[in-house]
Amino acid sequence: MSLEKLKLSKPLVAAMTDAGFLTPKEIQTKTMSRILGGQDVIAVGPEGSGKTTTYVLATLMKLKYAFEEAPRALILVPDAEHVDHVLEQFALLNRNSTFRILGIDSRGTIETQMNEITDGCDIIVAVPDRARALYLKLALNTNKIQLFIVDNAELIVKKGLQLPVVELANSAYKSQHVVFTEVMHEKLNHMISPFIKDSATTIEVEEIGEKQAEVYPQMLYQVPNFRTKLNLLTLLLNDTEFFEKVVVFVNTRLTAQTVFKNFNNPKEGEISIYRSLFFDDKGYDDIEDFKSNPDARVLIVANENLVDLDIHGIPFILHFELPEQKETLIQRIVKHEDEEVVAITFSTDIELIEVKKIEQAIGQRMEVMDLPEDLKIVDAAAKPKKKKKEEDEETSERGAAFHEKKASNLKNYNYSAGTKAKMTYKNKKGLS
């Protein structure tokens with residue numbers, strides 16, 4: 001498909017061609033006409049799918065005329081690095097500097113930025129909190145905003161910048177709203193719902209790269225928060241017959257302590273920590289000792305300051321938290337010879353960004369697993385004050401899923417979560 005199909009102006013087609021963009025990306029062909037038509041759009045696509053170029057082109061097409069008194073496009077991005085990237089894209093395609101484009105972030109003083117806005121600009125690319133500060137000081141006039149764009153919305157949520165986004169969006173009540181993100185989840189929906197129109201179209205583009213290497217079967221549990229992760233981990237690992245040897249990866253040694261203490265009265269030596277934070281805790285300094293001990297079943301390992309760890313021969317790899325570098329996880333799940341290993345990942349909404357990047361890197365999707373029916377989902381928002389007696393009772397009842405095992409979890413009545421995972425694994429391997 002040629003660039004002309006995007007219905008761009010001739011100068012923009014020429015600028016795209018000179019920049020080396022000869023054919024449009026899928027996300028551009030699916031969203032451009034809707035954005036130019038004035039519709040609210042939610043565009044979901046992975047990194048590198050062309051999201052930034054899409055809204056830069058749409059902005060330059062929609063504004064048409066430059067040099068008016070107040071800005072007519074406001075683009076919110078998560079941080080200064082993204083501000084620079086967007087400004088570079090505008091410089092590439094905004095030939096002859098037709099439009100006055102201003103970048104705003106914490107690197108400049110508010111007074112200087114107030115003067116720059118007052119001097120006049122057509123398009124503002126800003127981080128949400130600084131844009132809100134300028135709005136409250138009456139420097140940023142949102143009455144003339146025609147196009148309100150939120151880019152990398154998932155990172156804005158991760159940084160906790162939802163409030164300024166919503167406040168600015170509601171102030172620009174005459175504008176069209178466009179949201180670009182790598183993933184959609186509940187927290188992101190909560191941010192955009194106050195201003196995105198009911199008629200908004202959601203367009204999703206999935207670009208999985210070529211398969212780079214053979215990896216172990218990947219299973220993904222999506223949970224709302226850290227406490228529910230703990231409940232799920234203890235519930236799954238209660239199936240001692242299935243999970244006979246497990247390594248659980250967390251990010252910090254302090255988290256390793258938290259996970260360890262969450263298990264209620266395990267057998268002596270059954271669950272331990274690799275190179276524990278506290279010298280008096282029982283654990284292992286050598287993973288080979290864990291492998292060779294038949295009574296040792298679960299080893300909790302922190303990614304913090306971790307050097308190469310030989311986990312070959314361990315049939316279950318659990319990532320309780322996603323490591324900062326996706327390569328850390330990927331190198332653990334690359335298949336070696338004919339080992340039968342199942343890799344299980346726990347992810348909250350915020351961590352789904354990392355999950356998507358891992359999937360793109362390995363060239364395949366993780367299989368999303370249903371949460372066990374008897375899993376206790378913790379409502380993070382509800383934190384009523386408890387009397388000391390209630391706290392003591394709750395502490396005494398902690399374990400498994402923070403409640404006694406009920407009939408639905410008995411093997412003669414229903415499949416356990418571990419059995420379900422085992423059945424899935426066998427089906428995928430074609431085993432009887």
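1. A residue is called buried here when its relative accessible area is under 20%. The model is a predicted one. Q28 has 3% relative accessibility, so it counts as buried.

2. Q28 belongs to helix 2, residues 26-36. Its side chain comes to 2.9 Å from the backbone nitrogen of K25. Apart from neighbours within four places in sequence, Q28 contacts L6, G50, T53 and T54.

3. The largest nonpolar core consists of 36 residues, and L8, Y55, L60, I75, F90 and I123 have the most contacts inside it. Its main contributor is helix 3 (residues 51-63), with seven residues. A second, separate core has 33 residues, among them I104, L140, I156 and F195.

4. I75 deserves a look of its own. Beyond residues up to four places away in sequence, I75 touches Y55, T59, F90, I123, I124, V125, A126 and I149.

5. The salt bridges number 17. One of them joins the side chains of D122 and R72, at 2.9 Å from N to O. D122 is in the loop between helix 5 (110-119) and strand 4 (123-126), and R72 is in the loop between helix 3 and strand 2 (73-76), so the pair ties together parts 50 residues apart in sequence. D122 is buried at 0% relative accessibility, and R72 is buried at 2%.

6. K229 and E351 also form a salt bridge through their side chains (2.7 Å, N to O). K229 lies in helix 10 (residues 226-237) and E351 in the loop between strand 14 (342-347) and helix 14 (352-362), 122 residues apart. K229 is buried at 2% relative accessibility, and E351 is buried at 13%.

7. In the D105 and R107 salt bridge (2.8 Å, N to O), D105 is buried at 5%, whereas R107 is exposed at 54%.

How values were computed: Residues are numbered from 1 along each chain as its sequence is written. This is a predicted model: local features need pLDDT of at least 70, side-chain atom pairs count only at pLDDT 80 or more; totals for chains, interfaces and linings use all residues. Side-chain values use heavy atoms; hydrogens and water are left out. A nonpolar core is a set of buried Ala, Val, Leu, Ile, Met, Phe, Trp, Tyr and Cys residues joined through side-chain atoms within 4.5 Å. Buried means under 20% relative accessible area, exposed over 50%, partly exposed in between (1.4 Å probe, protein chains only). Helices (H or I, at least four residues) and strands (E, at least two) are DSSP runs, numbered from the N terminus. Contact means heavy atoms within 4.5 Å. A polar contact is a pair of N or O atoms within 3.5 Å; within protein, one must be able to donate a hydrogen and the other to accept it, and residues adjacent in sequence count only if both atoms are side-chain atoms. A salt bridge is a side-chain nitrogen of Lys or Arg within 4 Å of a carboxyl oxygen of Asp or Glu.
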